[in-house]
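User: I am new to this structure and would like to be taken through it by questions and answers. Could we begin with the terms that are needed?

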Amino acid sequence: FRSFRFHDLRATFANNYLSDLMAVPISKTLPDGRLVDVTRRRALDETRKRLGHEYEGTTELYLIYNENIRNERRATEIFEGRLFRWV
């Protein structure tokens, strides 16, 4: 069982909240006619506000949580696979 910290809850909230906000794409037409997707920018700013962060970079750190968990699980699977070959 993985150790659990308070910030794990915040990171889970941030990831889920951002995913929900990004489910509805938002586009903006620039003066030169180009269409730009502003969904992630808007969602990241809203998530930053909800977490009470002053800087967007702080919020970005929370958003790599799921990737870190996947990498941790994969490393564990590789290690266990190698270990069980000797048992």
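Analyst: A salt bridge is counted here where a side-chain nitrogen of Lys or Arg lies within 4 Å of a carboxyl oxygen of Asp or Glu. The model is predicted, so local features need pLDDT of at least 70 and side-chain atom pairs count only at pLDDT 80 or more, while totals for chains, interfaces and linings use all residues. Residues are numbered from 1 along each chain as its sequence is written, and side-chain values use heavy atoms, with hydrogens and water left out.

User: How many salt bridges does the structure hold?

Analyst: Side chains of opposite charge can pair when their charged atoms come close. For the structure, the number of salt bridges is eight.

User: Is D8 buried or exposed?

Analyst: The classes rest on relative accessible area, where buried means under 20%, exposed over 50% and partly exposed in between, with a 1.4 Å probe and protein chains only. D8 has a relative accessibility of 0%, so D8 counts as buried.

User: How many residues apart in sequence are the parts that the pair of R40 and E60 ties together?

Analyst: R40 belongs to helix α2 and E60 to helix α3. Because the two lie in these separate helices, the pair ties together parts whose distance in sequence is 20 residues.

User: Which residues of α3 are buried, and why do they line one face of the helix?

Analyst: The arc used here is that of the directions from the helix axis to the C-beta atoms. Seen down the axis of α3, the buried residues fall within an arc of 100°, so they line one face of the helix. What covers them includes α1 (6–22), α2 and α4 (65–84), and the buried residues are T59, Y62 and L63.

User: Which side chain does a polar contact join to that of H53?

Analyst: H53 sits in the loop between α2 (39–51) and α3 (56–63) and is buried, with a relative accessible area of 12%. Contact means heavy atoms within 4.5 Å, and residues that H53 touches, leaving out those up to four places away in sequence, include R48, T58, T59 and Y62. A polar contact is a pair of N or O atoms within 3.5 Å; within protein, one must be able to donate a hydrogen and the other to accept it, and residues adjacent in sequence count only if both atoms are side-chain atoms. At 3.2 Å, the side chain joined to that of H53 is R10.

User: How are the rings of F13 and Y17 arranged?

Analyst: Rings of Phe, Tyr and Trp (its six-membered ring) pair if their centres lie within 6.5 Å, with planes under 30 degrees apart counted as stacked, over 60 as edge-to-face and the rest as tilted. A search of the whole structure finds one aromatic pair. The ring centres of F13 and Y17 are 5.3 Å apart and their planes are at 15°, so the pair is stacked.

Note on methods. Helices (H or I, at least four residues) and strands (E, at least two) are DSSP runs, numbered from the N terminus.
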